[in-house]
Amino acid sequence: DDCGLIHPYVVQNNITNLAFLLERGNRIGYHVRAEQKCLIFKKPDREASPSFKITADAYNANGRLVIENYDINPNTANCVQRVTVRSYDPGAADKIFASADQTVSMGGKTDAGTAAAKNNPDTTMQISYENVYSEEEAQILADAKLAFLADEFITGKVRIEGNGNVKVGMIVSLEDIGEE
């Protein structure tokens, strides 16, 4: 996927080509991987419907429980409602500013930003250490950082019975796991 950014010059400082592309992709929230002889550089679809649904008390045709065990951990330590990016354009002698607000829901009752703001009303992260060269790049960086932090809101491990339809990176819906 084209991210829409064109840099006249980017330094690849003593790292492999794949490591360089992973670094550039991670910076703006893109998935980067190599499959056979094809390089995939793709923006994740956060609005997509779950490809697979797993219910806590579902049984397979043999009468075995589909979810064998799970460990789900909510963590609001790094969750924010807003990310701002500030930089300076020396060529235009002007500031560069962009912000992103929490709008991504993970399908539960509470999103990461709302949970973080429950006991702290000002949950804003400012990024001023990244080199950005335009407001468009600053906006992409702010959106990517906010999405990354939202992804870290609820993490865990779920062990399910083997199913060839479940693949790495797939959006799955866990139902009847807990209250939130």
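Is Thr84 buried or exposed in this structure? Good morning, everyone. Before I answer, please note that we are looking at a predicted model.

Thr84 belongs to strand E5. Its relative accessible area is 7%, and because buried means under 20%, Thr84 counts as buried. If we set aside its neighbours within four places in sequence, Thr84 is in contact with Phe97, Ala98 and Ser99, and also with Thr124, Met125, Gln126 and Ile127.

Let us now consider the surroundings of strand E5. Strands E5 and E6 pair in the antiparallel sense, and eight bridges join them. Together they form a hairpin, with four residues between the two strands. In that turn, Ala93 has a positive phi of about 50°. Along the pair, Val85 of our next topic stands opposite Ala98 in E6.

In a regular strand, side chains alternate between the two faces of the sheet.

Val85 touches Ile96, Phe97, Ala98, Ile127, Val132, Ala138, Leu141 and Ala142, residues up to four places away in sequence not being counted. Val85 also brings us to the largest nonpolar core, which has 13 residues. Those with the most contacts inside this core are Val83, Val85, Val132 and Ala138. Strand E5 (82-89), strand E6 (94-101) and helix H3 (135-151) each supply at least two residues of the core. The largest share, five residues, comes from H3.

Which residues of H1 are buried? They are Phe20, Gly25 and Arg27. These residues cover an arc of only 160° around the axis, and therefore they lie on the same side of H1. The buried residues of H1 pack against strand E1 (31-35), strand E2 (38-42) and H3. Just after the helix, Gly29 takes a positive phi of about 80°.

What does its side chain make a polar contact with? The partner is the side chain of Glu130, at 3.1 Å. Not counting residues up to four places away in sequence, Arg27 touches Glu130, Asn131, Val132, Glu137, Leu141 and Ala144. Val132, as you will recall, is one of the residues with the most contacts inside the largest nonpolar core.

Thank you for your attention.

Key. Residues numbered from 1 in each chain as written. Predicted model: local features only at pLDDT ≥ 70, side-chain atom pairs only at ≥ 80, totals over all residues. Heavy atoms only, no water. Polar contact = N/O pair within 3.5 Å; in protein donor to acceptor, adjacent residues only side chain to side chain. Contact = heavy atoms within 4.5 Å. Core = buried A, V, L, I, M, F, W, Y, C linked by side-chain atoms within 4.5 Å. Buried < 20%, exposed > 50% of the residue type's maximum accessible area, 1.4 Å probe, protein only. Pairing = 2+ DSSP bridges. Arc of directions from axis to C-beta.
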